[in-house]
Amino acid sequence: MSIIGTRPEAIKMVPVIYALENAQRFPNQTGKNSSQGRKLFNHQLIVTGQHRELLDQVLALFNVKPAHDLNIMEEGQHLDQIVTNALARLGEIIRSESPDCILVQGDTTTALTGALAGFYNKVPVGHVEAGLRTSDRLIPYPEEINRRLIDQLSDYHFCPTDGARNNLLKEHFEADNIIVSGNTVVDALNLARGMPFEFDAKIKHFIKKHPEFITVTTHRRENWGEPLNRIKAGLRKFAEEHRMTGMIYALHPNPTLKDGLGSTFDDLPNVLLIPAPDYVSFVNLMDRSALVVTDSGGIQEEACGLKKFTLVLRKETERPEAVNAGFVKVIGTDSERIEAELSQNLEQVRAGHIPPRNADNPFGDGRAAERIVGFLCERLQNLKE
């Protein structure tokens with residue numbers, strides 16, 4: 001059973017869901033496709049609907065259908081409401097379906113609730129993207145504390161990098177239950193890049209006028225309020241001083257963020273605000289960008305796969321591998337620094353100095369889902385025949 005609730009979870013779990021549903025056991029033990037092969041796993045997807053529109057967008061894109069949809073999203077919902085609304089219902093489903101293992105992904109409140117429901121019902125939990133850490137349990141909020149708790153609740157840990165594995169070993173997790181799978185976002189990115197897409201007319205027109213553009217996203221809770229004010233001031237100053245360079249700002253649907261931006265960019269023709277595009281379109285938007293500005297964790301990983309230089313609007317990152325590989329720079333939320341870093345790094349991109357063209361992707365080779373399913377095949381030998 002896989003439990004997800006948001007767009008990032010869906011993106012990163014789609015390759016695992018595909019691998020689970022396609023896994024077969026072959027009586028001849030040759031490992032080759034055989035008409036005699038039997039499906040190895042019965043898999044059910046449970047969605048909480050923590051995010052509604054963006055989650056549904058990904059599920060439709062990859063033709064993934066949930067067995068149960070809790071549909072818990074409410075306007076203005078608080079974190080504790082997400083937990084309380086989902087926990088009891090997840091427990092009921094788990095007791096009814098009796099899964100041999102539950103998979104959760106990342107660090108969302110849905111992932112925490114899913115892991116807790118599994119633990120309460122004594123079902124082994126596997127954590128996809130385990131072991132990420134920052135030095136401050138409130139950065140990012142609430143994700144950092146979520147992922148630490150999820151690791152404690154989980155039996156199996158699927159780490160995206162050696163660094164994540166080392167974090168768990170330092171915290172005395174059992175080595176035999178940890179594997180370095182790579183990050184499933186690379187698998188998803190490979191799927192998306194092979195899918196047809198077309199930008200809508202507004203984006204096409206804007207890119208024609210501004211062939212050099214940057215892509216911007218913001219959504220982190222710790223950046224709400226005054227940090228967002230500083231971010232938009234820095235972005236506005238850059239846009240005013242670089243009229244030939246476009247800026248495409250993909251808006252998260254949370255009304256707090258939309259209201260926070262207000263009319264900041266209304267008078268700037270080189271800034272385009274758009275609703276969050278579907279995943280395939282967004283991957284291609286990043287791929288066309290001169291550089292990316294974000295506070296997202298997943299986009300930092302995708303930047304490495306796309307070899308796209310990215311400025312991160314946070315105090316620190318739980319993905320230091322992206323920084324060390326030269327694809328990411330953490331710049332915080334000071335308005336003057338944002339404008340200066342954008343200007344300086346855009347020049348470096350134009351000159352071909354960044355990002356490094358020959359650097360390997362620190363998040364793996366696109367076979368993470370295969371490794372996760374292989375591990376489950378090994379460990380869950382008591383699957384019901």
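Is glutamate 226 buried, partly exposed or exposed, and what is its relative accessibility? In this predicted model, glutamate 226 belongs to helix H9, which spans residues 226-241, and with a relative accessibility of 45% this residue counts as partly exposed.

Histidine 252, in turn, lies 75 residues from asparagine 177 in sequence, and the distance between their C-alpha atoms is 36 Å.

Helix H1, made up of residues 7-22, packs with H15 at an angle of about 50°, and the axes of the two helices are 9 Å apart. The two helices are therefore oblique to each other, and the crossing in which H1 passes H15 is right-handed. On the H1 side this contact is formed by Pro15, Val16, Ala19 and Leu20, and on the H15 side by Ala369, Ile372, Val373 and Leu376. By class, the residues of the contact of H1 with H15 comprise eight nonpolar residues, with no polar and no charged ones.

H1 also packs with helix H7 (residues 184-193), here at an angle of about 85° and with axes 7 Å apart. This angle falls in the range of 65 to 115 degrees, so H1 and H7 are described as roughly perpendicular to each other. Within H1, the residues Ile11, Lys12, Val14, Pro15, Val16 and Tyr18 take part, and they meet Thr184, Val185, Asp187, Ala188 and Leu191 in H7. The contact of H1 with H7 divides into eight nonpolar residues, one polar residue and two charged residues.

Helix H7 has a further partner in helix H11 (residues 279-288), the axes of H7 and H11 coming within 9 Å and crossing at roughly 90°. H7 and H11 are therefore likewise roughly perpendicular to each other. The contact is made by Val185, Ala188, Leu189, Ala192 and Arg193 of H7, together with Tyr279, Val280, Val283 and Asp287 of H11. Seven nonpolar and two charged residues make up the contact of H7 with H11, which contains no polar residue.

Several features of the backbone were found in loops. The peptide bond leading from isoleucine 139 to proline 140 is cis, with omega near -5°, and proline 140 is placed in the loop between strand E7 (125-128) and helix H5 (143-153). A cis peptide bond also joins isoleucine 354 and proline 355, where omega is about -10°; proline 355 sits in the loop that runs between helix H14 (335-350) and helix H15 (368-379).

Positive phi values in residues other than glycine were noted as well. Asparagine 63 has a phi near 55° and is placed in the loop between helix H2 (53-61) and strand E5 (68-69); with a relative accessible area of 56%, asparagine 63 is exposed. Lysine 122, which is not a glycine either, has a positive phi of about 55° and is found in the loop between helix H4 (109-120) and E7. The relative accessible area of lysine 122 is 80%, and this residue is accordingly exposed.

Finally, the cysteines were considered. With a disulfide taken as a pair of cysteine sulfur atoms within 2.5 Å, the count of disulfides comes to zero. Cysteine 159 is in no disulfide, the nearest cysteine sulfur being that of cysteine 101, at 15 Å; with 0% relative accessibility, cysteine 159 counts as buried. For cysteine 377, the closest cysteine sulfur is also in cysteine 101, and the separation of 11 Å is too far for a bond. Cysteine 377 has a relative accessible area of 32% and is partly exposed.

Conventions: Residues numbered from 1 in each chain as written. Predicted model: local features only at pLDDT ≥ 70, side-chain atom pairs only at ≥ 80, totals over all residues. Heavy atoms only, no water. Helix = DSSP H or I, 4+ residues; strand = E, 2+ residues; numbered from the N terminus. Buried < 20%, exposed > 50% of the residue type's maximum accessible area, 1.4 Å probe, protein only. Axes fitted to C-alpha atoms, helices over the stretch in contact; angles between N-to-C directions. Parallel < 35°, antiparallel > 145°, perpendicular 65-115°, else oblique. Left-handed = near helix turned anticlockwise from the far one by under 90°. Contact = heavy atoms within 4.5 Å. Nonpolar A, V, L, I, M, F, W, Y, C, P; charged D, E, K, R; others polar.
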